[in-house]
Amino acid sequence: MIKLFENLRAKVKNGARISDAEALELFRCNDLLAIGELAAAANRRKNGDRVYFNVNRHINYTNICVNRCTFCAFSKDGREEGGYTLALNEILAKAAEASAAGATEIHMVGGLHPELPFDFYLEMLAAIKADNPRLHLKAFTAVEIDYFARISGQTVEAVIAELKEAGLDSMPGGGAEIFAEEVREQICPEKISSERWLEVTERVHRAGLKTNATMLFGHLESYRDRIDHLGRLRRLQDKTGGFQTFIPLAFQPDNTRVPGAKGVGGVDALKTLAISRLYLDNFRHIKAYWVMLGLKIAQVALVFGVNDLDGTVVEEKIGHDAGADSPQAMNKEQIVALIRKAGRVPVERDTLYRELRVY
Ligand code: V47
Ligand code: SF4
């Protein structure tokens, strides 16, 4: 173990890449502080003491979905009680509220609705943009892009071009789940394949849009599956450079149908964030999503290699439907205090990581 850490310290110092075998040793190692220290050093080389956050609002326009992923407590089929689709004026009211509260970004994702036409999504983007030209619209994932191509009978390239024209500015990182095929088959059998997620994302990057990447962890996957996931992302990032930030999403088990899954402890969450920082040497940002981690682990993550914190959020459904016990929203002052108390420098950013204000 001493040898492993010596080698890794040298790699971090020289900016060299860590191998899958080394990542596996780290996952199996119980010396959490040593892993955290290494990840913090790797982060410091890229980002110094700065921790980025943004003022945003999530809008989930519908929870009705033709896929029934077993880890998802958010989605309903069209006939179930609790299914909803927001009307355009409700969506516009939420965007206007966000804008008035100083948001720079709207994060919009939803279920794969069986009846809404592709035009609904184009109109939604265009209407929000017309009302709020300065709001950055970060919306949809590779899963929705593939679905839009199927329902509109168009190519992925044509779909992306129309969405851009309507006002799409970038894409969040959802839908990646876990790439390992045997586990994907159990947790989201109807979702697009891992290969398709990567292929659609590559086309989005080639069309000039940035995206994020996620990994859902803490359900049925092994450490090897996590490394396989990180490996596929690292290879795509080598090709396109289109990913901005990586967000490990800690699985919330309530109201889901994943057999035997218990959720994620603090040690596993911190280890996974730290190893992501070390392995993904070609990602500048690693984000702690406090909704799934809880505020306290998200704060501690800031000394385990994390430099990015999402966000004010305002109204969150996906994690809270699955039992997340974090608050619904944070205000700017709370985020700034949380970062300061970790001894770091809070920086408000826009979606493309331009610095808006250093605190
Ligand atoms: O793809 C669904 C996950 C994702 C559960 O890009 C769950 O900035 C935990 O991708 N427990 C959507 N996670 C959220 C997402 C995201 C969030 C914040 C920021 C960004 C970004 C992206 O939520 C889904 C799925 O992986 N999810 N159910 C659950 N029970
Ligand atoms: Fe539908 Fe997304 Fe939930 Fe899967 S995770 S059931 S695709 S809303």
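Biologist: How do the residues of the shell around ligand 2 divide into nonpolar, polar and charged?
Modeller: Keep in mind that this is a predicted model. Ligand 2 has C65, N67, C69, F71, C72, S75, G111 and K191 around it. Sorting that shell by residue type gives four nonpolar, three polar and one charged.

Biologist: Let's move on to T104. Is T104 buried or exposed?
Modeller: T104 belongs to the loop that links α4 (88-100) to β3 (105-108). Setting aside residues up to four places away in sequence, T104 touches V55, R134, L135, H136, E348, R349, D350 and L356. The cut-off for buried is under 20% relative accessible area. T104 has a relative accessible area of 19%, so T104 is buried.

Biologist: What about H107, which residues does H107 touch, not counting residues up to four places away in sequence?
Modeller: H107 has its place in strand β3. With a relative accessible area of 11%, H107 is buried. Not counting residues up to four places away in sequence, the ones H107 touches are R57, H58, I59, K138 and P172.

Biologist: Now helix α5. How far does α5 reach from its first C-alpha to its last?
Modeller: Helix α5 covers residues 118-131, which is 14 residues. At 1.5 Å a residue you'd expect 20 Å, and the model comes close to that. From first C-alpha to last, α5 reaches 21 Å.

Biologist: What covers the buried residues of α5?
Modeller: The buried residues in α5 are F118, F120, Y121, L122, M124, L125, A127, I128 and K129. Their cover includes α4, β3, β4 (136-139), α6 (142-152) and α7 (156-166).

Biologist: Last stop, V291. Is V291 buried or exposed?
Modeller: You'll find V291 in helix α12, residues 290-293. Leaving aside neighbours within four places in sequence, V291 is in contact with V313, E316, H320, A324 and S326. Its relative accessibility is 1%, so V291 counts as buried.

Biologist: What separation do the C-alpha atoms of V291 and M330 have?
Modeller: Along the chain, V291 and M330 are 39 residues apart.

Terms used: Residues numbered from 1 in each chain as written. Chains lettered and ligands numbered in written order. Predicted model: local features only at pLDDT ≥ 70, side-chain atom pairs only at ≥ 80, totals over all residues. Heavy atoms only, no water. Helix = DSSP H or I, 4+ residues; strand = E, 2+ residues; numbered from the N terminus. Buried < 20%, exposed > 50% of the residue type's maximum accessible area, 1.4 Å probe, protein only. Contact = heavy atoms within 4.5 Å. Expected span 1.5 Å × (residues − 1). Near = heavy atom within 4 Å. Nonpolar A, V, L, I, M, F, W, Y, C, P; charged D, E, K, R; others polar.
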